[in-house]
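Please look through the sequence and the 3D structure shown here before reading on. The report below is written for a reader who is new to describing proteins.

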Amino acid sequence: MSPERPASPAGAPRLEAAVAAAFLLALAAALFAFVRPTNFGGTDEWLSFSLLSRGILSFPYANRPLNLLWALPGWSLFPDRLVGFLLFHALWIGTGGVLVFLVVRRLLPGAGPLAFLAGALSIVWAPTDVARLSPVHMIVYSGCTLGVLLALWLTLEAWSRRLPVLAAVAAAVA
């Protein structure tokens with residue numbers, strides 16, 4: 001350790017990660033603050049309403065099992081309203097950015113600023129992409145992306161900490 005740089009307190013990396021995560025979630029909230037839940041483009045929102053209202057989490061005609069699992073929290077909190085789709089679409093994108101940050105941080109120890117930048121870029125990667133601003137249609141994709149990132153992060157944590165139970169959780173999430 002060099003004499004000009006003092007040692008970090010034991011909890012400093014966790015605190016830094018928590019602060020970075022909070023900023024990334026705030027970034028996602030700021031980006032979606034002006035998006036209307038009624039933004040549509042290429043999807044029939046009433047089909048999602050119909051399926052979710054009957055407890056169906058799949059698109060049976062398209063052979064897509066559990067696709068609406070990602071819309072279920074929003075539907076449960078705000079039944080028959082579009083705001084839940086927007087809220088959780090933004091949350092899935094923001095949490096995905098946090099997971100990108102954590103993955104890069106795990107793969108490149110000591111590269112905190114780069115990890116934060118990667119997380120931020122994953123949140124804002126296409127600010128002019130109109131489809132991304134259609135929460136009813138895109139919640140399936142943002143949710144699936146979140147699931148993959150969560151499985152990846154859990155796998156990396158299981159590997160680095162040598163925890164087979166965590167690997168089993170990662171497999172279940174995947």
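The sections that follow go from the overall fold to single residues.

## Basis of the description

This is a predicted model, in which local features need pLDDT of at least 70 and side-chain atom pairs count only at pLDDT 80 or more, while totals for chains, interfaces and linings use all residues. Residues are numbered from 1 along each chain as its sequence is written, and side-chain values use heavy atoms, with hydrogens and water left out.

## Overall fold

The protein has seven helices and zero strands, where helices (H or I, at least four residues) and strands (E, at least two) are DSSP runs numbered from the N terminus. Read from the N terminus on, its elements run α-α-α-α-α-α-α.

Of the 174 residues of the protein, 38% count as buried; buried means under 20% relative accessible area, exposed means over 50%, and partly exposed lies in between, using a 1.4 Å probe and protein chains only. Among contacts (heavy atoms within 4.5 Å) between residues at least 6 apart in sequence, 61% join residues at least 24 apart.

The expected span of a helix is 1.5 Å times one less than its number of residues. Helix 4 is mostly covered, since 18 of its 25 residues are buried.

Helix 5, made up of the 13 residues 112–124, reaches 18 Å from its first C-alpha to its last, close to the 18 Å expected. Its residues Ala115, Gly119, Ala120 and Ile123 are buried. They cover an arc of only 135 degrees around the axis, which puts them on the same side of helix 5; the arc is that of the directions from the helix axis to the C-beta atoms. What covers these buried residues includes helix 1 (12–32) and helix 4 (83–107).

## The nonpolar core

In soluble globular proteins, nonpolar side chains tend to be buried together. A nonpolar core is a set of buried Ala, Val, Leu, Ile, Met, Phe, Trp, Tyr and Cys residues joined through side-chain atoms within 4.5 Å. The largest one here has 37 residues, and those with the most contacts inside it are Leu52, Leu68, Phe85, Phe101 and Ile139. The elements that give two or more residues to this core are helix 1, helix 2 (45–53), helix 4, helix 5 and helix 6 (135–161), and the largest share, twelve residues, comes from helix 4.

## Residues seen up close

Leucine 24 is found in helix 1 and is buried, with a relative accessible area of 0%. Leaving aside its neighbours within four places in sequence, leucine 24 is in contact with Gly97, Val98, Phe101, Phe116, Gly119, Ala120 and Ile123. The C-alpha atoms of leucine 24 and isoleucine 123 are separated by 7.9 Å, although the two residues are 99 residues apart along the chain. Phenylalanine 101, with neighbours within four places again left aside, is in contact with Ala17, Ala20, Leu24, Gly112, Ala115, Phe116 and Gly119.

Isoleucine 139 lies in helix 6 and is buried, with a relative accessible area of 1%. Beyond its neighbours within four places in sequence, isoleucine 139 is in contact with Trp70, Ala71, Phe85, Phe88, His89 and Trp92. Isoleucine 139 and asparagine 67 are 72 residues apart in sequence, yet 9.2 Å apart in space, C-alpha to C-alpha.

## Aromatic rings

The structure holds five aromatic pairs. Rings of Phe, Tyr and Trp (its six-membered ring) pair if their centres lie within 6.5 Å, and planes under 30 degrees apart count as stacked, over 60 as edge-to-face and the rest as tilted. Phenylalanine 49 and tryptophan 75 form an edge-to-face pair, with 5.0 Å centre to centre and 70 degrees between the planes. This pair links distant parts of the chain, with phenylalanine 49 in helix 2 and tryptophan 75 in helix 3 (residues 72–77), 26 residues apart. Phenylalanine 49 counts as buried at 8% relative accessibility, and tryptophan 75 is buried with a relative accessible area of 9%.

Phenylalanine 49 also forms a stacked pair with phenylalanine 85, at 5.9 Å centre to centre and 10 degrees between the planes. Phenylalanine 49 lies in helix 2 and phenylalanine 85 in helix 4, so the pair ties together parts that are 36 residues apart in sequence. Ring pairs link Trp46, Phe49, Trp75 and Phe85 into a cluster.
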